[in-house]
Structures are given as structure tokens and as C-alpha cells.
Amino acid sequence: MTLTLDAPRIVTTHPLLQVHHVSKSYGSVNALRDVSAIAYPGEVLGIVGESGSGKSTLLRMMNLEETPDTGSYTLDLPDVEGNLFDLDRFARRMLCATRIGIVYQNPHLGLLMKHSSSGNVAERLLVAGERSFATLRAKATAALEASEFPLDRLDAPPIELSGGMQQRVQLAKAIALEPALLLLDEPTTGLDVSVQALVLDTLKRLQQERRITMVIVSHDLGVIKTLADRVMVMKGGEVVEAGLADQIFQDPQHAYTQQLVHAKL
Amino acid sequence: MTLHALTKPWEPMSYGFLDASAKREIRRKMIKAIAVPGCQMPYASHEVPMARGWGTGGLQVSLTLVNPSMRVKVIDQGADDSVNAASIRRFIARVAGTPTTMDTLDADLIQSRHRIPEEVLREDQVLVLQVPNPEPLRPVQPNMSIARQMHADADYGRMWLQLYEQIVRSGRVMQGASYPSLVHGRHVMTPSPIPRWDVPKLHMAKHLTILSAGREKRIFAVPPFTRVEPLVFSDVPYKVEDHADLTCHRSGTRGFFMNEIPQDDGTSVFEVSDSAWGVKAIRRRDGEEVALGETWYKNGKMPS
């Protein structure tokens, strides 16, 4: 009997998301300078940094909401090819709707506040071309259930819901089409600590169950530490340090990272 | 040769009230609208001696299309004899010298508010509909610049979401009039406030329909033999009003769109909404030789 050893996963898989040498300036302000990021399938990439460090801009680019001055962005998916920044607006919209999910810090950006919660989730499916009411209803309910949203509030408009619930609706909307990539922009900022812990729990469970690749942006090291496998530290539009989460937290190299880790502890 | 011989004699107004350049502009916009079915074309809505919102859009299209041999019919909510319809009809006849009619079969040009006649329109007839709100996306996207982008992208997810919400809230689609419809598989239009009953009449119709909104300054069109499909979920069928079994208390016709007339004792009777059709049916019953055209609905059902 011969014993075969599998090669380590990291060697056999290609990165799902690759952002290379992205730069962006708004007038004289350099929001991003030569930033690169990579995320492997099923991995959680955490981006941490202070306000104005360019982390949110980078996330908006990953959601194709903004185009950089230079740089490229590829997703390793079956029928997605080439630099995604070169896609026309129609292709962009379809790609964002079907392959990428996003949860914003401010629920007003991601949700229609006066429509029902299930309707908000159903909109994603409608954009993707689902035209059966029963299927829409079932899929929307399933997505809300997966994000641990109380089903008796299914048709309540988000404006009547608490902050934590609104984030759950956003999350349900983001995962409704089972995207390959889930982007989280400060998903728990502004929630109180206990609700924050519950939302993080949900995220962690979803990540384990579905192996979704996630990119999470936060200024809160605790959030990053709970979820992320790998961490990128950004400051002033540049990546100052990147590595495995443990490495960054246990042995920070860059002065800013050291400051950040010490401030937390 | 004198200058007098080269110029036209003085007239108090140009033919058909609108001046030549205004009519040319509307003609061009109509051609554009026909070229891209269901797409709203902006136009310079001109002054007519009528308040905005009373059918100025439809009137401008009618005034542009008329010639002295065109027979004009004007309908207001199905009736030819309401004040608004009578005034518009008289105005067109006065400024364009056109003969008028109330019979759908005789008409060449039909301007209508809120109804499509019950008799099938022919290839040589033009239907002009007055539209108050041409933008189907307005309820879901108040920003008109973004709404135009959504039309360009064929991004109608929110239109569908609106229907989803209605079914969730009320158990059925509540949209009564101006039911959003997909024209030629591309643009969603609001077919003016015609009832749901009338929307299937536009699908693959032989006649040309021009829809014009005077206040909002938009023209759009449904050319002959064009698909007009109301937005419906695959498992929630499109329903027209429940008028198939109602009988008109005056003409005795059955299976057409009815007006409900409440009575003193709390009950109500019904009267056929297309008044010209009702009148013809009564005259036929009284023994007159009246030609009744083929109707869209047969025994209260639209043949598919």
C-alpha cells in the first residue's frame, strides 16, 4: 500500500482575488499608492487601518464601484476573465449582482429602507433574473434565516429594525445569490458590543459553513482578530505590513502596526 | 412678380394650430419613438389653449398628425360625450377642418384618455394616448437622471420588487391602471392610466399607438405588431378586472369593461365604459342598421 500525501492547499489553489498595483488619487490627495492584495478561496482577508488610510476605497474598488488610475483586478471564476476594471458598466453590474456581495457600514447605502426586508433580499434575485414569486419568497427567507434574522419580522421594512437586524438584512442580501466573494465594510461599527459579538458569530459560522471568501475592512483589531486568516495593515494609502493574522498580532514589525496592537491590548 | 404673389395670404393661425416648426419637431420625435419602441423621447411641449394635465400631450400629437380628410374621434375615460372629449374634438375640427366621428370603425385618428376602444383597431388607424406620468420608474426611483440610466441598463429589478411588495402586503398585485409593461422585450413603459383590461389589446396590435405626456414632455410609441408584455411573475398570472360577467344595464352588452354606477339603495348597476360601443349596441337592438366591429374581448375573454 502506497501512502499519498496531499500537497498543502495553499500551493494547489490559485488566489480567487488578485488586486495588483492599484493607485488612485483624488486631485492632490493620494488615496491609494501601489496597493496589491490577494485572497485565496475560502479565506478571510482582513484590512485594518486608521480613518483615511484608503481601506474603504480599496473595498469600493473590489466592488467595482470605483475605478483606479492604474492597476488591475482579477477574480479566478469560471466565466470571469481579464482585468475587471476594463468591463463595461452592464457587465460590471451583472458581475457585482451575481458574484460579489457587500455589507456596508451604513445600512442606508445597501438597503431600500421603506421596502420590506424580504423584498430587499429578493431584489438581488430579481436583478439576476429570477421571475417566480414562490422561488423568490423561499430563497429570500432561506437567506434571512442563514443570517439569523428573526423570521417573524420577514416583511418589516429595515427602517423599523434595530442596527444589528439591519446588518443581518444586508448580510442576507449579500449572500442570497451565494457569491464567490463577500466584502464587509466595517460591518459591526456602530453596534453595541453584545450585538457586535452576535453579528460576528453569524459571520464566523457562515464562513465555516459556506467557505465564502471574505474581505473585511475594519479599524477594530478585535473584529479582524476574530475573523481574519490574513491581515493587511494600511496607512496613508499604502500597505505597511501584510501577513498571517497570528504573525501580525504576535510579532508586529512595522512601527504603526506595533502601535496599533499595543493600543488594543 | 410682387412679394404679395410669393407669400401665402394672411391667416389668423397656421393649419392645425401649431406652427410648422413645432409640428416638424413633434414628427421627428414620433419617428424616433417608433424606431425605439417604448423608449421615452423628450420633446418641446408647446402651449395649446388648454391647461397642462388635460391632454395637452395627446392634443399636440393629434394636431401634428391631422389632415383635412382624417376623421377624428376623441375619448375621455371611454366616453365620447364628456366635456373634455367634446372640447378637444371641437377644437381639432375647428383648427384643422377635420370631420369628426364617435364610431371607432369610422375613425382614422383616435385620441384617448384612459381607455382603448372595445372594437379592434385596424392597420390604418392611429391611437393617441394622453399620459400624465410617462416614467414607470418614478415610484421606485425619484431621481430622473438615475431612472434614465436604469432604462439604458434595462435595470428593472426595482420594478419587479414593487410587484413583489404588493403581493407580500396584499396577497395580489394592486397596480390597477398604468400597469408597467415590457415593450419589444427591451423598455418598460407605463401604458398611460389605461385599466389592466386594456393592456393586452396593445400586444401585437395592428394599429400604431403613440403616447404623449405634455407636462412631462415625453413621447413614446408602440408600433404595429410589437410585443407588449405586462410584468408578471411566472407563478402569479396577469389578471384583468373582473368585468367578464357584468351586463350593461342600458345596452345589455356583456363581457366588456364597465363603469359602476352606485344606486340610492346601496346596490350598483353597470354601464359599458366604451360609450360609442354601448350606443351602437342600443341602436342595433332598436332595429337600426349599425355595423358592429370585431371586439378584442370575446365573451369577456381575450383570445390568446
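This is a predicted model: local features need pLDDT of at least 70, side-chain atom pairs count only at pLDDT 80 or more; totals for chains, interfaces and linings use all residues.
Asp34(A) is partly exposed, with 14 other C-beta atoms within 10 Å. I start there because most residues other than glycine have a negative phi. Asp34(A) is not a glycine, yet its phi is positive, at about 50 degrees. Asp34(A) sits in strand β2 of chain A.

In chain A, three strands make an open sheet in the order β2-β1-β4, with antiparallel pairing. The edges are taken by β2 (29–39) and β4 (70–75) of chain A; each has a single partner strand, so one side of each has no neighbour in the sheet. From one strand to the next, the twist averages 15 degrees. Strand β1 of chain A, residues 17–26, is joined to β4(A) by five bridges, and the two run antiparallel. Within that pairing, Val19(A) has Tyr73(A) in β4(A) as its bridge partner. Across β1, β2 and β4 of chain A lies helix α2(A), residues 55–62, which runs at about 60 degrees to β2(A).

Next, β8 of chain A. How many of the residues of this strand are buried? The strand covers residues 230–235, and six of its six residues are buried. Arg230(A), Met232(A) and Met234(A) point one way from β8(A), while Val231(A), Val233(A) and Lys235(A) point the other way. Note that the buried set includes Arg230(A) and Lys235(A).

As for the partners of β8(A), strand β3 of chain A, residues 44–49, pairs with β8(A) in the parallel sense over five bridges. Val48(A) has Val233(A) as its bridge partner there. Strand β9 of chain A, residues 238–244, is joined to β8(A) by six bridges and runs antiparallel to it. β8(A) and β9(A) form a hairpin with two residues between them, and Gly236(A), in the turn, has a positive phi of about 55 degrees.

Now chain A as a whole. The chain has 11 helices and nine strands. Its radius of gyration is 19 Å, close to the 18 Å from the globule rule for 265 residues, so chain A is as compact as a globular protein of that length. The C-alpha trace spans about 55 × 50 × 50 Å along its principal axes. Of the 265 residues in chain A, 42% are buried. Among contacts in chain A with a separation of 6 or more, 65% are between residues 24 or more positions apart.

On to the interior. In soluble globular proteins, nonpolar side chains tend to be buried together. Here the largest nonpolar core has 127 residues, and those touching the most other members are Ala172(A), Leu183(A), Val215(A), Ile216(A), Ala33(B), Ile210(B) and Ala221(B). Helix α7 of chain A, residues 163–175, gives the largest share of this core, six residues. Apart from this core lies another, of 11 residues, including Leu246(B), Met258(B), Ala281(B) and Tyr297(B).

Then the interface. On the chain B side, 14 residues are in contact with 17 residues of chain A. Helix α6 of chain B, residues 157–170, supplies the largest share of the chain B side, eight residues. By type, the chain B side divides into seven nonpolar, two polar and five charged residues.

Gly293(B) lies in the segment after α8 of chain B. Gly293(B) is partly exposed, with 15 other C-beta atoms within 10 Å. Gly293(B) and Leu121(B) are 172 residues apart in sequence, but 9.2 Å apart in space, C-alpha to C-alpha. Leaving aside neighbours within four places in sequence, Gly293(B) is in contact with Thr104(B), Leu105(B), Glu119(B) and Val120(B).

Asn299(B) also lies in the segment after α8 (275–285) of chain B. Is Asn299(B) buried or exposed? With 10 C-beta neighbours inside 10 Å, Asn299(B) counts as exposed. Its phi is positive, at about 50 degrees, although Asn299(B) is not a glycine.

Methods
Residues are numbered from 1 along each chain as its sequence is written. Chains are lettered from A and ligands numbered from 1 in the order in which they are written. Two residues are in contact if their C-beta atoms, placed from the backbone, lie within 7 Å. Helices (H or I, at least four residues) and strands (E, at least two) are DSSP runs, numbered from the N terminus. Ala, Val, Leu, Ile, Met, Phe, Trp, Tyr, Cys and Pro count as nonpolar, Asp, Glu, Lys and Arg as charged, and the others, Gly among them, as polar. Two strands pair if DSSP finds at least two bridges between them. Axes are lines fitted to C-alpha atoms, for helices over the stretch in contact, and angles run from 0 to 180 degrees between N-to-C directions. A residue is buried if 20 or more other C-beta atoms lie within 10 Å of its own, exposed if 12 or fewer, and partly exposed in between; C-beta atoms are placed from the backbone. A nonpolar core is a set of buried Ala, Val, Leu, Ile, Met, Phe, Trp, Tyr and Cys residues joined through C-beta atoms within 7 Å. The radius of gyration is taken over C-alpha atoms; the globule rule is 2.2 Å times the number of residues to the power 0.38.
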